[in-house]
Amino acid sequence: MAGNNDFDSLLLQLQELDKSKDYLTIGNTLDRRFDSKINDIIRKWISNNRLSNEEKTFIDLYSSLQLYFVEYCFFDSQSITNNEDIIELFRTCLFRAKQIDDLKQAVIFIRDEQPSKETASEEDEMIIYLMRMLDARSLAYRLCFKDLKPPPRNLNNELNLCLIHLHAKNYLYNMKSNTNTNKNMHVSYRHRFFIGCCTFAVALFDENKRCLKNDDNKKYICLLAKYVRIVLSTKNFEQNKSFLYCLRGILALLTNCVPTENWIQIINRALANPNDDDAQEANPFNTELFSLIIVRLLGSNTLRNKAIRSDSNDTTSLVDVALIFLNKWYATSIDLNDDDDDDDDDDDDDENNNTSSSSDEPNQILRLLRSSIVKDGKLTPVVDKNLNTSKKITRANDP
């Protein structure tokens, strides 16, 4: 009886916190008492026992509040004066060893034990709650990774294994086979977990940089890029929150975990030889991908307006990730072009300056970005608008 009273009391506190939207109080309140109940719920779920409605409500509120708290710190960080207190809150609220271990067990259950291809599993609401808790830790770790030592390697290792698991590959192949871009494809909770949540988590953990450097990852990278192209070609994709969530995870992974030097020569060959079918097949980072990101994603009034109004932190971070993705390739292209110029110091100035003709351009990526994305050394207006959007949001949140 005392246990039930304790549970009811904590549930009431969660409901009050949800109404208050006092994010720093939320961070200070979600202590070990709540952890204990959440751990019991997760263990009950992975044991295939049915959760009560009250338990579902409890973890729904708890996971939402955790994510609210971290997103407040992540997107409104300039209004926070004492970063040391925030880091300590992250450490105690999000990275306690028992908490991380239970999340690890939940990831293993979804990946290896939960029945696949069953509606009950595909649309299990517990997956959404767990994704919120994982997203909260991904963002918190990215914000303060230098101060959050050691990282939760056991959880990170399990998330890495999800990337190329059979379930993930099936979702990627299913998307590849979807040729009807006028029909908005349904994205299940499990699909979002493997393609949106795990990719984002792995991308944001600093120790995963270059984790997709091996040749055996090339096919997987091609599938990810194909997924992005298909989604961005889909009619009204920006109305589908699941698509946007998955795009954010994939673009973050391609940005943070794919070494550019592994692909420079492949991309250059494909762009320089548009009629070479083998070269096109080997290149996931093609003109279509860059153009769709510019025109369909960053050029979307719907997404830009959402970011300006701060209606969706997921949308804001998607826009940021897309810009970083483009800047990554543009910066790499400039560096490579500079290297080529250094090798040709004895050549005429006209061959080395930035106004060389397309046929003389030593770097095809740079030529593509100049023609499609960059004009007079600046990003095109559609990209500038999104850069200004990010600045506007930051300024609006200043005290």
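**Close-up views of a predicted helical model**

**View 1. Two arginines each sit over an aromatic ring.** Arg 192 lies over the face of Tyr 245, at 4.6 Å from the ring centre. A charge is taken to sit over a ring when NZ of Lys or CZ of Arg is within 6 Å of the ring centre and within 35 degrees of the ring normal. Arg 248 has its charged end over the ring of Phe 200, 3.7 Å from the centre of that ring. A word on the model behind all these views: it is predicted, so local features need pLDDT of at least 70 and side-chain atom pairs count only at pLDDT 80 or more, while totals for chains, interfaces and linings use all residues. Residues are numbered from 1 along each chain as its sequence is written, and side-chain values use heavy atoms, with hydrogens and water left out.

**View 2. The whole protein, for orientation.** The secondary structure comes to 21 helices and two strands; these are DSSP runs (helices H or I, at least four residues; strands E, at least two), numbered from the N terminus. Of the 399 residues, 51% count as buried. Here buried means under 20% relative accessible area, exposed means over 50%, and partly exposed is in between (1.4 Å probe, protein chains only). Among contacts with a separation of 6 or more, 79% come from residues 24 or more positions apart, where contact means heavy atoms within 4.5 Å.

**View 3. Five aromatic residues form one cluster.** The members to look for are Trp 263, Phe 285, Phe 290, Phe 325 and Trp 329. Across the whole structure, a search finds 14 aromatic pairs. Rings of Phe, Tyr and Trp (its six-membered ring) pair if their centres lie within 6.5 Å; planes under 30 degrees apart count as stacked, over 60 as edge-to-face and the rest as tilted.

**View 4. The largest nonpolar core has 117 residues.** Phe 90, Phe 193, Phe 285 and Phe 325 are the residues with the most contacts inside this core. Helix H8 (residues 125-144) gives the most to it, with 13 residues. The core lies between domain 1 (1-113 + 124-152) and domain 2 (299-333), because both give residues to it. Those domain bounds come from an automatic or database domain assignment. A nonpolar core is a set of buried Ala, Val, Leu, Ile, Met, Phe, Trp, Tyr and Cys residues joined through side-chain atoms within 4.5 Å. For a closer look, pick Phe 193: leaving aside neighbours within four places in sequence, its contacts are Val 107, Ile 110, Ile 127, Met 131, Leu 134, Cys 162 and Cys 198.

**View 5. Ser 138 is a buried residue of helix H8.** Its relative accessibility is 1%. Beyond its neighbours within four places in sequence, Ser 138 is in contact with Phe 200, Ala 201, Leu 204 and Phe 205.

**View 6. Asp 35 is buried in helix H3.** Helix H3 covers residues 32-46, and Asp 35 has a relative accessibility of 6%. If you set aside neighbours within four places in sequence, Asp 35 touches Tyr 62, Arg 96 and Gln 99.

**View 7. Leu 212 is a buried loop residue.** You will find Leu 212 between H11 and H12, with a relative accessible area of 5%. Its C-alpha atom is separated by 5.6 Å from that of Cys 257, although the two are 45 residues apart along the chain. Not counting residues up to four places away in sequence, Leu 212 touches Asn 217, Tyr 220, Ile 221, Leu 253, Cys 257, Val 258 and Pro 259.

**View 8. Arg 210 and Asn 236 each have a positive phi without being glycine.** For Arg 210, phi is about 70°. This arginine is in the loop between helix H11 (189-204) and helix H12 (218-233) and is partly exposed, with a relative accessible area of 40%. For Asn 236, phi is about 55°. Asn 236 is in the loop between H12 and helix H13 (241-256), and is partly exposed at 42% relative accessible area.
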